[in-house]
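Student: Please go through this model with me, one question at a time.

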Amino acid sequence: MGWQKTRKAGRDGAWFQLSTCLFMCVLLVLNVAFIGSLYRTLAPDGPEFLRHPKAEQMFLLIGPLAVLLFQWWLIDVLK
């Protein structure tokens, strides 16, 4: 009948939500390591403001989240 809703297999339910959260946590851990190493490589030779503790906190907090947003956008584009 026309009233029944068609479902995409594998895109609903608790298992999909759990696997998405787990995947996001793994990406965040990798992003923290990547941004931390990138910051510690660029900060000594970069501008003076990068050596300030508040700037370090800002980059180490916002950097992994920005990379995560880019990764999710890339996943959506490639699917």
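Predicted model: local features only at pLDDT ≥ 70, side-chain atom pairs only at ≥ 80, totals over all residues.

Tutor: Local features need pLDDT of at least 70, side-chain atom pairs count only at pLDDT 80 or more, totals for chains, interfaces and linings use all residues, and side-chain values use heavy atoms, with hydrogens and water left out.

Student: How many helices and strands does the protein chain have?

Tutor: Both are DSSP runs numbered from the N terminus: helices are H or I with at least four residues, strands are E with at least two. On that basis the protein chain has zero strands and two helices.

Student: Is N31 buried or exposed?

Tutor: Buried means under 20% relative accessible area, exposed over 50%, and partly exposed in between (1.4 Å probe, protein chains only). N31 lies in helix α1, residues 14-42. Its relative accessibility is 3%, so N31 counts as buried.

Student: Which residues does N31 touch, leaving out those up to four places away in sequence?

Tutor: Contact means heavy atoms within 4.5 Å. N31 is one of the buried residues of α1, along with L27, I35, G36 and Y39, and what covers them includes α2. The residues that N31 touches are P64, V67, L68 and Q71.

Student: What is the relative accessibility of C25?

Tutor: C21 counts as partly exposed, with 41% relative accessibility. C25 also falls in the partly exposed class. The value for C25 is 45%.

Student: Which side chain meets R40 in a salt bridge?

Tutor: A salt bridge is a side-chain nitrogen of Lys or Arg within 4 Å of a carboxyl oxygen of Asp or Glu. The structure holds two. R40 is exposed at 53% relative accessibility, and its bridge has an N to O distance of 3.8 Å, to E56. The pair links distant parts of the chain, 16 residues apart, from R40 in helix α1 to E56 in helix α2.

Student: What is the N to O distance between R51 and E48?

Tutor: R51 is partly exposed, with a relative accessible area of 42%, whereas E48 is exposed at 59%. Their side chains meet in a salt bridge, N to O, at 2.8 Å.

Student: Which residues make the nonpolar surface patch of about 500 Å²?

Tutor: Patch residues have over 30% relative accessible area and no salt bridge; like charges are joined within 9 Å, nonpolar side chains (Val, Leu, Ile, Met, Phe, Trp, Tyr) within 5 Å. F59, in helix α2 (residues 53-78), is partly exposed at 31%. The patch is made by F49, M58, F59, L61 and I62.

Definitions and conventions:
Residues numbered from 1 in each chain as written. Areas by Shrake-Rupley, 256 points an atom, 1.4 Å probe, with all protein chains shown as cover.
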